[in-house]
Structure formats: C-alpha cells, structure tokens
Number of protein chains: 2
Amino acid sequence: MALARSIAVLIGGVGGAKLASGLLDAVPAERLAFIVNTGDDFRHLGLKICPDLDTLMYTLAGLVNPVSGWGLKDDSIAALDFLAQCYQVEPWFRLGDKDLATHLLRTHWLNGGRSLTEATACLTKRLGIRAAIFPMCDEELPTIVETLADGELGFQEYFVKRAWQPVVRALRYENCERAKLSPQVHSALVNADIVLIAPSNPWLSIAPILSIPGLRDLLSQLMAPVVAVTPIIAGDAVKGPTAKIMRELGLDVCARTVARFYQGIISGFVDDIRNDPADFADLRSVQLNTLMNDQADKVALARATLDWIGSWSA
Amino acid sequence: MALARSIAVLIGGVGGAKLASGLLDAVPAERLAFIVNTGDDFRHLGLKICPDLDTLMYTLAGLVNPVSGWGLKDDSIAALDFLAQCYQVEPWFRLGDKDLATHLLRTHWLNGGRSLTEATACLTKRLGIRAAIFPMCDEELPTIVETLADGELGFQEYFVKRAWQPVVRALRYENCERAKLSPQVHSALVNADIVLIAPSNPWLSIAPILSIPGLRDLLSQLMAPVVAVTPIIAGDAVKGPTAKIMRELGLDVCARTVARFYQGIISGFVDDIRNDPADFADLRSVQLNTLMNDQADKVALARATLDWIGSWSA
C-alpha cells in the first residue's frame with residue numbers, strides 16, 4: 001500500500017506547495033517530510049523572512065491565501081501601509097499583518113539562539129501541522145542572481161522588487177560550501193520510501209537544496225525511488241520565471257531539460273500529458289496531468305504519482 | 001513675550017502628553033524640547049517598545065488614539081490576534097498593527113547601531129513633528145517595581161500584565177548609575193528659558209529621569225524657572241496609579257507631597273484649583289485648572305502656566 005510509505009519531498013514555494021497539498025490528502029501527514037528551499041530567505045526591517053517555508057506552512061495549515069498561493073488568507077496590510085505613509089519606507093515586499101506575526105515570532109526565536117530547524121518545528125507544531133517541515137539547512141545560503149544588465153542581485157531584489165524582469169546570466173548559491181546537512185534532513189531522506197522533487201523551479205528552488213554539500217551524493221546513493229515532477233508544461237511554466245530563466249540560460253524549455261538537470265539523482269520522472277512524448281533515456285517516466293488548478297487535481301497528481309511509483313516493484 | 005521662549009519638559013506618558021499637546025498650540029514647535037521617561041521601555045517579541053516616547057510622538061503628530069490617549073487612532077490588531085490564536089502567544093501587551101510599524105523600524109535601527117536618541121529623531125522627523133523629542137538617555141534603565149506580595153516585577157509586568165494591582169513597596173531604576181546625560185538633553189536644559197515637569201507620575205515617570213547622574217544637579221543649578229504641574233487633583237490621580245502608589249509608599253496623597261518630592265529642583269509649582277490652598281514653603285505657586293478634558297483645557301493650562309511664569313520677572 002502506497003499510503004503507509006514515508007515520503008520526503010524537496011520543495012520550493014507556490015508550485016511545490018500545490019503538490020504538497022495533494023500529498024496531504026493522499027498520505028497520512030505523519031509520513032510526510034518536506035525539505036524546503038531557504039535560498040530565498042532574507043532579512044527585511046530586521047525580520048527573518050522565509051518565503052518558501054511560510055508558503056508551505058500556510059498551505060498545510062489550511063491558512064494560505066487561495067488567490068495568490070502565498071501569504072495568509074483574510075490578511076490586512078495596516079502595518080506596511082503605515083510604514084509607507086508615515087515613515088516613508090518603500091513597501092516593495094508585501095507583508096500582511098497576520099503574516100508579520102510569523103516573522104516576528106521566528107525572528108525572536110532565531111535571535112534568541114534557536115536554529116531555523118527548531119524555530120520551524122515550533123511554528124509548524126503551533127499551527128497544528130503534523131507533517132514535518134525542515135529548512136534545507138540552518139545556515140544562511142542566499143541565492144544570488146547574476147544579471148546581464150544589473151550585476152548581482154539578491155534574490156528578493158530580483159524576484160519581487162524587479163519582478164524577475166532582469167535577464168539572468170547565472171545563479172549562485174552563496175555560502176553553500178559552508179552549509180551542513182542537518183540531522184533532520186539526513187534522517188528524512190535515508191528513512192524515506194520515496195523521495196519526490198516537487199514541480200518547483202529547478203534553478204531557483206531545487207538547486208539551492210542540491211548545493212548543500214553531501215546532499216546530491218546522498219540522493220544518488222538512496223535505494224528508494226527519487227522522482228521529479230515536471231514544472232514545464234507545454235513549453236512554459238505554470239507561473240513564475242522557470243521558462244524565462246531557462247531561455248536566458250540558453251536551455252531548451254522542455255521537460256527533458258529538467259530531467260537532465262536532475263541526472264544522477266532521480267530514477268523516475270513525471271512528465272505532463274500535454275508535453276510531446278520524450279525519451280528520458282534510462283529514467284522511468286510517465287505522463288500525468290501535472291496542471292493543478294484545484295484541490296482535486298492536486299490530490300489526483302499525488303495519488304497517481306505514488307501509484308505509478310508503487311507499480312515499479314510490481 | 002512668553003511665545004518666543006525655549007521650553008524643556010520632563011515628561012512621562014498619557015497625562016504628560018495632554019500638557020504637551022497644549023504647549024504645541026501655545027508655543028512654536030521649534031521652541032519645545034521634551035525629555036521623555038524611558039524607564040517603561042522593554043523588549044517584547046524582540047521589539048523595542050518605548051511607551052512614553054510613542055505616546056508623545058503619536059500625540060504631537062496628531063495620530064494618537066483619542067479614546068485611550070496612547071496607541072494610534074484607527075489601528076487594527078490582526079498581528080497580535082494571529083499570534084494569540086495561531087501561535088498561542090498570550091497577547092498581554094496590546095500592540096496595534098500600525099503601531100507595530102513604529103516598533104519594527106525603531107528596533108531595526110537600534111539593532112543596526114543607532115542610539116535611541118538618533119532613532120527617535122528619525123521617527124519624529126518622518127512623522128513631521130517639529131518639536132524635539134529626546135529619550136531621557138540612551139542606556140536601558142528599566143524601572144523595577146518591588147511589590148509586597150510578588151517580589152520584584154518588571155515595569156510592564158506590573159503596569160500592564162498585572163494592571164498595577166500589586167502593592168508597591170519601593171521602586172528601583174536599574175542601571176541608573178551607568179546612565180549618561182546625553183548632549184541633546186543637556187543642551188535642551190541649559191538652553192531652556194523655562195523647564196516644566198509635566199503632570200506625569202512623579203515616581204514612575206519623572207523619578208527615572210531624575211535618577212540619571214548629573215541631571216538633578218543640573219536642574220538645581222539652572223537660572224531658568226523650573227516648574228512642576230500637579231498630577232494630584234482633589235486627593236486623587238486623574239488616571240493611573242499615582243495616588244495608589246503614594247498611599248502604598250506611606251505618603252499623603254496631596255499636591256504638597258509632590259512638591260516636596262521635587263524639592264531642590266523646582267522653583268515653582270502649579271497646583272489645581274480644586275485642591276485646598278496649601279503652603280508650598282519657599283516655592284512660588286499658583287492654582288490653575290489642571291484637569292485637561294479637552295484640547296481647550298490643555299491649551300488654557302499651557303498658556304496660563306507660561307503666563308504665570310512670565311509674570312515672575314515683571
């Protein structure tokens with residue numbers, strides 16, 4: 001039975017959280033461990049902001065804003081408006097009032113000496129989330145975007161302030177040589193019956209995770225199936241800059257490019273039914289509906305992916 | 001003309017801010033310097049909160065909540081509610097969403113190395129306040145309340161969490177021996193034509209200011225008139241624990257007790273018309289309406305006080 005297996009998921013933000021939401025309906029929460037990109041994290045007004053951790057937490061707690069896919073539903077923005085209007089602080093990074101509560105509490109705990117792994121465990125527990133959510137590491141590993149015209153940009157400056165419009169020449173995962181695989185991430189991976197790579201941006205969301213020394217080797221040595229879900233459907237990304245970045249890096253915008261990016265790590269690849277059938281060389285592959293427009297789509301993709309992987313040993 | 005003189009005011013929170021508001025209507029803002037109690041300051045969720053500075057800033061900026069006399073008008077409380085409901089953080093200290101903006105920005109600046117004097121100057125400037133607002137010092141000087149039944153309590157624990165119900169045995173201004181008179185406070189006092197002590201709580205709001213080494217001596221040596229306004233009207237405080245604390249400290253709840261508390265510092269005392277005429281020994285004194293129910297009362301008290309002091313040299 002697929003339902004009893006432990007599943008570890010490498011994951012980024014909004015796109016990945018859709019699959020996470022499906023998995024939560026398909027698998028007992030206690031069997032799920034998410035290993036989350038923190039390359040997007042930054043400090044804003046002294047607050048530690050972890051966009052991908054928050055998106056996943058809010059999604060799994062049933063609190064996410066269903067329209068944007070990130071932030072909290074029914075949130076207001078009084079604090080940021082006041083900062084802008086009365087203190088002339090440019091509100092380029094949108095933070096809701098309720099959302100601020102998360103950043104305040106996390107920052108308070110981090111400044112008090114807790115690790116990000118510990119702080120995340122406390123937040124998720126208080127939110128009633130029973131799945132495990134681990135930051136990819138406890139060190140700060142900011143993603144740096146080398147742009148054609150504007151030099152190096154911090155991730156949020158590129159992504160939010162500049163609305164991912166600058167042309168990307170390369171990506172750098174700063175400090176990655178100093179990052180350590182946390183015991184929690186290591187344990188989640190070695191104990192997983194299945195490892196999934198969510199349909200997140202491979203370069204912005206998954207590559208930072210893979211840049212942690214030892215993680216790539218660990219994945220390649222696992223006996224468990226490691227399966228990626230395509231973030232590319234019909235030659236484009238569902239949302240966000242994946243396809244744009246691929247073009248800017250001189251890559252073909254297709255599922256095969258993504259599969260090749262994960263070469264040596266994955267044993268299987270979930271392609272989309274809309275894509276032209278492709279040859280994924282020595283990988284097992286399947287075509288499923290990976291476009292998740294509603295909760296039924298999310299659960300169906302989660303179940304179909306797990307069923308397909310379950311069929312390997314049959 | 002009284003209107004052209006420079007006025008320095010030692011001041012606490014809500015009660016003092018009423019007189020400050022009156023002074024702002026009676027005197028050009030540029031001639032006003034407020035030296036504000038910071039004994040109530042504390043850190044909450046990592047944020048530096050300065051209740052008396054905020055009350056005065058919001059009052060002078062015309063943003064204060066007119067009902068409570070502190071906090072911002074038209075503020076919401078989404079962040080704190082979310083902290084309570086989703087993260088089980090007890091919301092004992094009420095912080096509005098807009099109000100959070102002030103604490104965030106100040107904390108960010110302080111953590112970045114600015115002094116409280118500098119951070120306050122930046123905040124007031126951005127709020128469009130033309131009067132000078134100085135924290136009494138840059139060091140942290142937390143007021144500690146020694147209670148009869150509950151030992152020592154931090155100020156906000158006594159004042160807000162326990163609603164000033166514990167019986168006070170003594171007050172202590174921690175670290176006061178290490179505090180330094182800032183150049184700004186020194187300059188405001190030596191350049192003042194008049195120094196006022198606002199009708200704030202003498203033990204909770206003014207005594208912390210007076211505990212700064214050198215301040216008491218400086219005040220006693222000034223040539224300018226130093227005048228206190230009674231916080232006691234008809235045997236009681238208008239609001240807050242002044243009268244209660246006086247009783248608990250074994251003091252007579254009357255204006256004379258307050259005047260005696262400021263002995264050696266003040267040269268004049270503004271008593272209230274409702275009080276029994278008292279003998280203030282070698283002090284000049286006058287009875288005015290010190291009960292400030294509306295803006296007209298505030299301005300009238302400010303003008304009458306300055307006119308009275310102006311008449312000394314006549």
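The radius of gyration used here is taken over C-alpha atoms, and the rule for a globule is 2.2 Å times the number of residues to the power 0.38. The model to which this rule is applied is a predicted one. For 314 residues, a compact globule would have a radius of gyration near 20 Å, and the value for chain A is 19 Å, so the two agree. Along the principal axes, the C-alpha atoms of chain A occupy a box of roughly 65 × 45 × 40 Å.

Within chain A, the secondary structure consists of 12 helices and 14 strands. Of the 314 residues in this chain, 49% are buried.

How far may the prediction be trusted? For chain A the average pLDDT is 95, and 98% of the residues score at least 70. The scores for the model are ipTM 0.92 and pTM 0.93.

Strand β10 of chain B covers residues 226-229. B:V226 and B:A228 point one way from this strand, B:V227 and B:V229 point the other way, and all are buried. Which strands pair with β10(B)? One is strand β9 of chain B, residues 194-197, which runs parallel to β10(B) and is joined to it by 3 bridges. Another is strand β13 of chain B, residues 268-272, which also pairs with β10(B) in the parallel sense, over 3 bridges.

The last topic is the contact between the two chains. Chain A and chain B each bring 22 residues to the contact. On the side of chain B that touches chain A, the helices α3 (78-87) and α4 (97-111) of chain B each supply at least two residues. Which of the elements gives the most to this side of chain B? That element is α4(B), with 9 residues. By class, the side of chain B that touches chain A is made up of 13 nonpolar, 6 polar and 3 charged residues.

Conventions:
Residues are numbered from 1 along each chain as its sequence is written. Chains are lettered from A and ligands numbered from 1 in the order in which they are written. This is a predicted model: local features need pLDDT of at least 70, side-chain atom pairs count only at pLDDT 80 or more; totals for chains, interfaces and linings use all residues. Two residues are in contact if their C-beta atoms, placed from the backbone, lie within 7 Å. Helices (H or I, at least four residues) and strands (E, at least two) are DSSP runs, numbered from the N terminus. Ala, Val, Leu, Ile, Met, Phe, Trp, Tyr, Cys and Pro count as nonpolar, Asp, Glu, Lys and Arg as charged, and the others, Gly among them, as polar. A residue is buried if 20 or more other C-beta atoms lie within 10 Å of its own, exposed if 12 or fewer, and partly exposed in between; C-beta atoms are placed from the backbone. Two strands pair if DSSP finds at least two bridges between them. pLDDT is the predictor's confidence in each residue, from 0 to 100.
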